[in-house]
Amino acid sequence: MESATVANLEKGLLAVFAVIVGAIFISKLKSKKLKLPPGPLAVPIFGNWLQVGDDLNHRNLGDLAKKYGEIFLLKMGQRNLVVVSSPELAKEVLHTQGVEFGSRTRNVVFDIFTGKGQDMVFTVYGEHWRKMRRIMTVPFFTNKVVQQYRFAWEDEIGRAVDDIKKRPEASTTGIVIRRRLQLVMYNIMYRMMFDRRFESEEDPLFLRLKALNGERSRLAQSFEYNYGDFIPVLRPFLRGYLKICKDVKERRLTLFKNYFVDERKKLGSTMGSNVTGDKCAIDHIFEAQDKGEINEDNVLYIVENINVAAIETTLWSMEWGIAEIVNHPEIQQKIRDELDAVVGRGVPLTEPDTVRLPYLQAVVKETLRLHMAIPLLVPHMNLHQAKLGGYDIPAESKILVNAWFLANNPEWWKNPEEFIPERFLEDEKIEASGNDFRFLPFGVGRRSCPGIILALPILSLAIGRLVQNFELLPPPGQSNVDVSEKGGQFSLHILNHSVVVAKPRA
Ligand code: HEM
């Protein structure tokens, strides 16, 4: 090697060494002033990334909680990640200090899909969030809406039951019921949003929509881009990934706009006041736009939020619920007996009935406990430096409340790994709405899920109507269906969509 090259290499190494020493020195100086939560020892630049890796799912974070306690800090490159794993600290984050911790973090990918927080779900706590939440409440999240749309929900689930009955293989080799339920969920939400529905699983527009929403979820929930988000110098390697995200985002918003938003606008302008009698959700949103409260992009991001927040979460929960009752025939029979006794054999279950069915409700709660669709809630964030559990939390930390750990910890639950709906009958005061900080499937407080008012009755209706009409069994030759899970950045769904036999009841 030439001596000049060696000298340059030496200089380079020296510079890297100096940067590392400097970084250690600065971080020591900084942390002297702050009393940070415990956690594994962080190295400069990478933090804990090399020890902890990319897969920050609820179970791995639960294991770390056993080691480091109810609050711990992971430095993932440039990001501070604070994980909360006790009911007391969950209360502190979501309720007592709900304003301080009421913002959201976004990473490089969520920045793209939400237009840097022009939506509602991923925007920081403040004026824009308040306005969006208010604007979305009247068209989506009130009892009046439930009463307006419950016939549409019952109709969609009824159609699914009829379709399944028409498929001969459903009662012999079995079908992936989830596919038909996906159409149910799209139709429920698209009827509410746009007064539109898709005729069949093969509807080309439905297929496009489903594919783009699926891509959006996969790209956003994957752990594979973490390295570029945590360590900015590695970001150039993410260029290809981020380009795909931008492309999916553009195509998706264009689809929402061209096929749904603009179509409904056109209908409104041709029908004039006639449309007011039967307003659907987007008409209310247009009114807010006409008043100048929000712009056209915000309208599209509201549609985007509903597509991910409402459809998938509810569908995943249905899928988990069905898998568990297939694997527990005695529980399935208890639901059926209750339905026969309360609603009547052969009488289709309706939304108002669901409140009179404690066992069915307990099954729904137990499904949400054991298989939380959003086990880490949607990440929270503190805009300013804050105090939590006696520690200093640096500004803009990502705060993960491990709701799955709270609901599956043997310290607070008997045999938590087992599917036992009866536990919610014994302790019937525990509601899914967050009156008990051990059970927070929808979060609680300012940023809690406003969709709970729709999700709970829809889940009861879907599971109840299926059980009323079919005996649900594992496919021939199998004693149960697979309930392995696949976790994402903060989501959890079943790994394999199971084939289930649906035998019509005699
Ligand atoms: C079983 C179904 C569902 C589950 C398990 C679920 C769960 C959650 C959770 C855990 C959060 C975050 C709470 C937090 O960060 O503290 C959330 C937020 C949210 N959910 Fe749901 N959700 C479901 C269905 C729905 C439905 C049907 C809708 C709409 C129709 C919806 C709309 C939203 C919105 C807009 C937010 C963001 C609220 C905010 O940031 O202010 N969700 N959901």
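This is a predicted model: local features need pLDDT of at least 70, side-chain atom pairs count only at pLDDT 80 or more; totals for chains, interfaces and linings use all residues.
Residues are numbered from 1 along each chain as its sequence is written, and side-chain values use heavy atoms, with hydrogens and water left out.

Which protein atom is the donor to the iron atom of the ligand? The only one is SG of Cys 449, at 2.3 Å. For anyone setting up a metal site, donors here are N, O and S atoms within 2.8 Å of the metal, or 3.2 Å for Na, K and Ca, and since water is not among the atoms, sites may look incomplete. Cys 449 sits in the loop between helix H17 (423-426) and helix H18 (452-469). Helices are DSSP runs of H or I with at least four residues, strands are E runs with at least two, and both are numbered from the N terminus.

Is Cys 449 buried, partly exposed or exposed? Its relative accessibility is 31%, so it counts as partly exposed. On the scale used, buried means under 20% relative accessible area, exposed means over 50%, and partly exposed is in between, with a 1.4 Å probe and protein chains only. The C-alpha atom of Cys 449 is 9.9 Å from that of Phe 141, although 308 residues separate the two along the chain. An unreviewed UniProt entry also has a "binding site" annotation covering Cys 449. UniProt positions are given in the numbering used here, feature names are shortened, and annotations may be inferred rather than shown by experiment.

Now for some helices. Helix H7 covers residues 143-166, and its 24 residues reach 34 Å from first C-alpha to last, close to the 34 Å expected at 1.5 Å a residue. The expected span is 1.5 Å times one less than the number of residues. Where is the kink in H7 centred? On Tyr 149, with an angle of about 45 degrees. That bend is the angle between axes fitted to the seven residues ending at a residue and the seven starting there.

Helix H13, residues 296-327, should span 46 Å with its 32 residues, and its end C-alpha atoms are 47 Å apart, which agrees. Why call H13 largely enclosed by the rest of the structure? Because 29 of its 32 residues are buried. At its start, a side-chain oxygen of Asn 295 comes to within 3.0 Å of the backbone nitrogen of Asp 297.

The buried residues of H9 include Leu 205, Phe 206, Asn 213 and Arg 216.

Next, a few individual residues. Asn 226 belongs to helix H10 (residues 226-230) and is buried, at 2% relative accessibility. What does Asn 226 contact, leaving aside neighbours within four places in sequence? Asp 54 and Gln 489, where contact means heavy atoms within 4.5 Å. A polar atom of the Asn 226 side chain lies 3.0 Å from the backbone oxygen of Asp 54, and a polar contact of 3.0 Å links the side chains of Asn 226 and Gln 489. A polar contact is a pair of N or O atoms within 3.5 Å; within protein, one must be able to donate a hydrogen and the other to accept it, and residues adjacent in sequence count only if both atoms are side-chain atoms.

Leu 242, in helix H11 (residues 239-271), is buried at 13% relative accessibility. Not counting residues up to four places away in sequence, Leu 242 touches Val 108, Val 109 and Ile 112.

Ile 45 is not a glycine, yet has a positive phi of about 65 degrees. Ile 45 lies in the loop between helix H1 (3-33) and helix H2 (49-52), and is partly exposed at 48%. Lys 116, also not a glycine, has a positive phi of about 55 degrees. Lys 116 is in the loop between helix H5 (108-113) and helix H6 (127-140), and counts as exposed at 61%.
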